[in-house]
Amino acid sequence: MKILHVSSEVSPFAKTGGLGDVLGALPRAQAKLGHEVKVCMPRYASINAEKHNLIPSGWEAAVDIAGREFKATASRVKDSRKKIEYLFIENAHYFGRTELYRDNETGKDYTDNDDRFSFFCRAVLSLLQKIGWKPDIIHIHDWQAALIPSLLKANPEAYKFYADSKTCLTIHNLGYQGIFEAERFARLNLPEEYNYAAAGPFEFWGKVNFLKSAITLSDIVTTVSPRYAKEICQNDEFGCGLEGVLSEIDPPVRGILNGADYTIWSPTRDKDIPHKFSAANLSGKRDCKAELMKECGLPMREWTPVIGMISRLADQKGWDLLEEAAEDLFVMNIQMVVLGTGDKKYHDLLLSLEKKFPDQLKAFLDFDDALAHRIEAGSDIFLMPSRYEPCGLNQIYSLKYGTVPVVRKVGGLADTVIDYDRKDGTGTGFLFEEYTSEAMLLAIARAVELFSSKRSWSALVRNGMKANFSWQVAALEYIKAYQS
Ligand code: ADP
């Protein structure tokens, strides 16, 4: 099968979260199964062309955005052995910026994000047509790639080349839909009935919604865990206003659980951690903890569990619970290391908590991939109190690193962590249901208490390290979905 992935993030080239990790792994897993795969992403200024061996392709196309012509070119990275090629869509005006979606100075989204990703989708379709590489499946990811089905449906003559190609949309996070003011619709150069008339695919409470158009017009829609697939069809807490549309599509939304790329996220081979370790020999983990405490400037205390958090600083991730719980949390025998960037209010929160609890909390307000690995390896507990969580990857990585997850029972967190049962010693972590600081504190308290019982704790750690969420399974599930 020929599979084309279109995404705004692909690890290791550029990522802000789990989307990048998925695109770093899924296409490779599919190529391993023998499929021919291409992956298209924008070439942001932050992508290091030398490090990744980007080669100019010589291909170019003209793309019309709101009546103005922009030139699209592409660089490529080819791994012929793995039957996979990465294409980087270039245009300095739209992508010659270091950040992917927002201006870090103002903390606000770029005002031309609709134009940027409209350009991206059009350029992808034009360039592949020029090359003559005809995909069987165009697999689009999130709102940034969501224009593709409507472009194909609205211009069957211009895109005759893709007449036999089917589209698959994967929703990685429904909280980001690509919603723009109504007057911006004219810039898309799509038929007016796509917008207002008869609740066109883009129409969303008087605004323009990119993701909704792809939910309506793609051949199949998937999301990244079975539980999240159910949740987003059920109510507006998870459906973010699209629950009606999502529950009506046929075939229904399919939930395919993400895997973890264990070539990158495994304590036996991780190149970013100071000491390797395995379930059979955990001494390296103790050394990783000692190094992490040194790096944090916190005292190393063997009998005090270190709680790690690595996450975007966004409302989704439950930082408000941390704020509410702080006084009660830090009277417990714990230390905490946080790594994250995002909303200013949470930067301020973490800085003030760090000041208040200097012996217990270290906050790194940064995006630092290698540090994320060191925190995974050096922490005892990993906290993810998400309001909602499509899949979540850090809890899956944590299991492999013997870092016991404490998570809210939602979405992919509920699908990947099994609550610990003290009676028979089964389970892999600690779950709580209510989105309240009390419920979260209780779950943390259960973990902290068990930590003092070294034997039970080690058994729990080993339960988690045995869990296997490899991409092989998920890659096959996607192929089945395409075939359906
Ligand atoms: P989401 O996609 O909602 O951000 P996930 O748990 O699915 O959450 O994936 C997050 C990914 O991004 C993980 O690989 C995590 O390590 C990484 N990540 C998030 N914030 C940072 C950060 N500040 N520095 C380094 N890596 C980060």
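The chain splits into domain 1 (2-259 + 472-483) and domain 2 (283-468), with the bounds coming from an automatic or database domain assignment. This is a predicted model, where local features need pLDDT of at least 70 and side-chain atom pairs count only at pLDDT 80 or more, while totals for chains, interfaces and linings use all residues. Residues are numbered from 1 along each chain as its sequence is written, and side-chain values use heavy atoms, with hydrogens and water left out.

**How the two domains meet**

- Taken over C-alpha atoms, the centres of domain 1 and domain 2 are 32 Å apart.
- At the meeting place, 19 residues of domain 1 touch 22 residues of domain 2; contact here means heavy atoms within 4.5 Å.
- Why does the ligand lie between the two domains? Both domain 1 and domain 2 give residues to the shell around the ligand, so that is where it sits.

**Around the ligand**

- There are 20 residues around the ligand, and Gly18, Asp21, Arg312, Lys317 and Asp366 come nearest. To count as near, a residue needs one of its heavy atoms within 4 Å of the molecule.
- Sorted by class, the shell has 6 nonpolar, 6 polar and 8 charged residues. Here Ala, Val, Leu, Ile, Met, Phe, Trp, Tyr, Cys and Pro count as nonpolar, Asp, Glu, Lys and Arg as charged, and the others, Gly among them, as polar.
- Helices (H or I, at least four residues) and strands (E, at least two) are DSSP runs, numbered from the N terminus.
- Now for some polar contacts, meaning pairs of N or O atoms within 3.5 Å; within protein, one must be able to donate a hydrogen and the other to accept it, and residues adjacent in sequence count only if both atoms are side-chain atoms.
- Lys15 has a polar side-chain atom 2.9 Å from an oxygen atom of the ligand.
- Gly18 uses its backbone instead: an N or O atom there lies 2.6 Å from a ligand oxygen atom.
- Asp368 has a polar backbone atom 3.0 Å from a nitrogen atom of the ligand.
- On its own the ligand exposes 560 Å², and the protein buries 94% of that. Accessible areas come from the Shrake-Rupley method with a 1.4 Å probe; for residues, only the protein chains shown count as cover.

**Met440, a buried residue**

- Met440 is found in helix 15 (residues 437-451).
- Met440 counts as buried because its relative accessibility is 0%. Buried means under 20% relative accessible area, exposed over 50%, and partly exposed in between (1.4 Å probe, protein chains only).
- Which residues does Met440 contact, leaving aside neighbours within four places in sequence? They are Leu321, Leu322, Ala325, Leu383, Pro385 and Phe432.

- The peptide bond from Ser11 to Pro12 is cis, with omega near 10°. You'll find Pro12 in the loop between strand 1 (2-6) and helix 1.
- Asp250 and Pro251 are also joined by a cis peptide bond, with omega about 0°. Pro251 is in the loop between helix 8 (243-248) and strand 14 (254-255).
- Asn53 isn't a glycine, yet its phi is positive, near 60°. Asn53 is in the loop between strand 2 (36-42) and strand 3 (55-65), and at 55% relative accessibility Asn53 counts as exposed.
- Asp142, another non-glycine, has a positive phi of about 60°. Asp142 is in the loop between strand 8 (137-141) and helix 4 (147-154), and at 8% relative accessibility Asp142 counts as buried.
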